[in-house]
Amino acid sequence: MDTVLEYRGRRVSATDVAFIRELIAQDPAASRRALSKMLCAAWNWVQPNGAPRDMVCRSLMLALHRAGHIELPPVRRVVNNPLARRQKPAPVDIDRTPLHLSLRTLGRLEVRQVRRTEDEPLLNSLIEMHHYLGYTQPVGEHLKHLVLACDRPVACFTWSSAPRHLGPRDRFIGWSKEVRRRNIRFVAYNSRFLILPWVQVPHLASHLLGRLTRRLSADWEQAYGHPVHFAETFVYPERFRGTCYRAANWIHLGQTTGRGKDDLTHRANRPLKDVLGYPLTKRFRERLSEAS
């Protein structure tokens, strides 16, 4: 296939470009948004939950337009993007009475998936206030878990779509480039993990990692219509040893190159990070290598 452009894992051929040109010509009054939806329908380009990949399709068409392959109609209106001017989560005032006790004495722990619930702003604020990296909106598909003891927050987790390219993980899984493009959605990235600073409970962190990984795939399927088979995270070795992850049987896969996903220089420009992974099923390699 003569590839004209490759975008987000989809290859666009000269035949595809001709089809898009014809689509535009058939309805010259259509907006960019309408054309995107028509193209999604024509290509049956949908998310795992059945919704059209409208935003990705629109971005692909814009890339073709900027490269001179197609001519899109003029922009009709500029919509304010709330993500571009997102404010930091507001501080919250909660009970900070120290919890210095054993895991058994702590009692029953409640884990809530709080994305798109009234508790989501609380989790966002706690991470912004108490995690050394602060709060950053997760990318793509994502979940958020709030852990409570006696109705008091004690821990927060955020999970998001995994980076498309990650050498240590890709070598560990053993998948090809093509398979990775198709199945990267079955990998979840643990982007934030916070035990609140006044909570001093031995073994709590590894205990929670075990509980969260046992329910992660089911929660993901409920939200997005598909499971996840592998979890991964980064640990800054100059700051942390990753002890709780290792105690929860996460596997050290290697280190990043320090170049970042948009590197053009092939030189390290940021701190190296340890890459840790956790299979969510014994047959994770088989499932991640299946055609989808």
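Tutor: This is a predicted model. Take strand β9: F230, E232 and F234 point one way, A231, T233 and V235 point the other way, and all are buried.

Student: OK, and how many of the residues of β9 are buried?
Tutor: Six of the six, residues 230-235, so β9 is largely enclosed by the rest of the structure.

Student: Which strands is β9 joined to by bridges?
Tutor: Strand β7, residues 187-195, runs parallel to β9, with three bridges between them. Strand β11, residues 274-279, runs antiparallel to β9, with six bridges.

Student: Which residue in β9 is the bridge partner of A188? And what does T233 pair with in β11?
Tutor: A188 has A231 as its bridge partner. For T233, the partner is L276.

Student: Switching to charges. How many positive and negative side chains are there?
Tutor: The chain has 47 positive and 27 negative ones, and the centres of the two sets lie 3 Å apart.

Student: And how many salt bridges?
Tutor: The count is 14. One of them joins D54 and R58, with the closest N and O atoms 2.5 Å apart. Both residues sit in helix α3, residues 54-66, and being four residues apart, they are separated by about one helical turn.

Student: Is D54 buried or exposed?
Tutor: Buried, because its relative accessible area is 13%, and the cut-off for buried is under 20%. R58 has 27%, so R58 is partly exposed.

Student: What does K144 form a salt bridge with?
Tutor: With E120, where the closest N and O atoms are 2.7 Å apart. That pair links distant parts of the chain: K144 is in strand β5, E120 is in helix α5, and they are 24 residues apart.

Student: Are those two buried or exposed?
Tutor: K144 counts as buried at 0% relative accessibility, and E120 counts as buried at 15%. Elsewhere, salt bridges with shared partners join E6, R11, E178 and R181 into one network.

Student: Last topic, the whole chain. How many helices and strands does it have?
Tutor: Ten helices and eleven strands. Of its 292 residues, 43% are buried.

Conventions
Residues numbered from 1 in each chain as written. Predicted model: local features only at pLDDT ≥ 70, side-chain atom pairs only at ≥ 80, totals over all residues. Heavy atoms only, no water. Helix = DSSP H or I, 4+ residues; strand = E, 2+ residues; numbered from the N terminus. Buried < 20%, exposed > 50% of the residue type's maximum accessible area, 1.4 Å probe, protein only. Lys, Arg positive; Asp, Glu negative; His and termini not counted. Charge placed at Lys NZ, Arg CZ, Asp CG, Glu CD. Pairing = 2+ DSSP bridges. Salt bridge = Lys/Arg side-chain N within 4 Å of Asp/Glu carboxyl O.
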